[in-house]
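Please open the model in a viewer and follow the selections below in order.

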Amino acid sequence: MKWGALKELGILIIIFGAVWAGFSYYNYDEIENPFTISLEKEAELSDFMNKHLMSDFKIIQNQALDSSIQIITDRLLSNLDSAQYEYKFHIIDESETNAFTTLDGNIYIFSGLIKEVSSAEELALILAHEIGHAENKHVVDKLIKTIGIEALFSIMTGGDPVLISEISKLTLSTSFDRLNEEEADDFALSLAYESQINPRRLAQFFLKMKAKDQSVLQEKLEFISTHPMSSDRIKKSSDYTLPDDFKEIAIPLDWEIVKSYLN
């Protein structure tokens, strides 16, 4: 009886040892995550979907306006250690106060948002938030969680037009879960600081929007309604710790002139 118990104990030790060795020597970094897609595949998917996504919008073509946005985004991207994408910024002729990120580093800015912000620095914080969604792969994760990776690739090989339309709408949606929003906020505040833009300007923008009439908030301020504006988010931005010697370097743009390019 005693010998039998020792034998079973020995077998258990061998099993646990084998499991421990397996986990210890398994190199996870060399194994591609089956629930992600490569940047190349994401770019292909983006090209395919954007054709459908943009069919309902008018893209504003204005060199002076594009140059102004580039001055803002150059400040941000030059302070990003290693961007995963070559970002493309597009301006949509829509009155909503909104911006959203799609695949492959494509970020869309509604003209209503450009009119609503008070300065280039305020817009920089919002664009930094969208870049945060892209760098953290929130759009890709949302698509895979919602429809599955197989359905995602099926649209590239002649998928159902109805499915393509629904997926495009899902990509356009600016709603992410709370954790995603917190990650994007943290990313934006940090990137703004590194870019010598005061991170507290994000709280200023939120507070300004919050002070507007509630009906207007629901009707027009899509960025706010799709990005849950909790007191915690405002507090996080307004309480962002800055060193005593921090000095914001203004983005060299006259915002009233920039807004006039939309007329």
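Begin by selecting residues 88–92 and 106–110: these are strands β1 and β3, which pair in the parallel sense over five bridges. Helices (H or I, at least four residues) and strands (E, at least two) are DSSP runs numbered from the N terminus, and two strands pair if DSSP finds at least two bridges between them. This is a predicted model, in which local features need pLDDT of at least 70 and side-chain atom pairs count only at pLDDT 80 or more, while totals for chains, interfaces and linings use all residues. Residues are numbered from 1 along each chain as its sequence is written, and side-chain values use heavy atoms, with hydrogens and water left out.

Within this pair, H90 stands opposite Y108 of β3.

Are the faces of β3 covered or open? Both are covered. N106, Y108 and F110 are buried on one side, and I107 and I109 on the other. Buried means under 20% relative accessible area, exposed over 50%, and partly exposed in between (1.4 Å probe, protein chains only).

Now select I72, I114, L123 and W255, which touch the most other members of the largest nonpolar core, a set of 42 residues. Such a core consists of buried Ala, Val, Leu, Ile, Met, Phe, Trp, Tyr and Cys residues joined through side-chain atoms within 4.5 Å. The largest share of this core, nine residues, comes from α5. Centre on I114: its contacts (heavy atoms within 4.5 Å) include I91, I109, L123 and W255, not counting residues up to four places away in sequence.

Proceed to helix α5, residues 120–135. All 16 of its 16 residues are buried, so α5 is largely enclosed by the rest of the structure. Just after α5, K137 takes a positive phi of about 60°.

Finish at S238, in helix α13 (residues 231–238). S238 is partly exposed, with a relative accessible area of 32%. The side chain of S238 reaches the backbone oxygen of K235 at 3.2 Å. S238 also touches R200 and A203, not counting residues up to four places away in sequence.

Key: Expected span 1.5 Å × (residues − 1). Polar contact = N/O pair within 3.5 Å; in protein donor to acceptor, adjacent residues only side chain to side chain.
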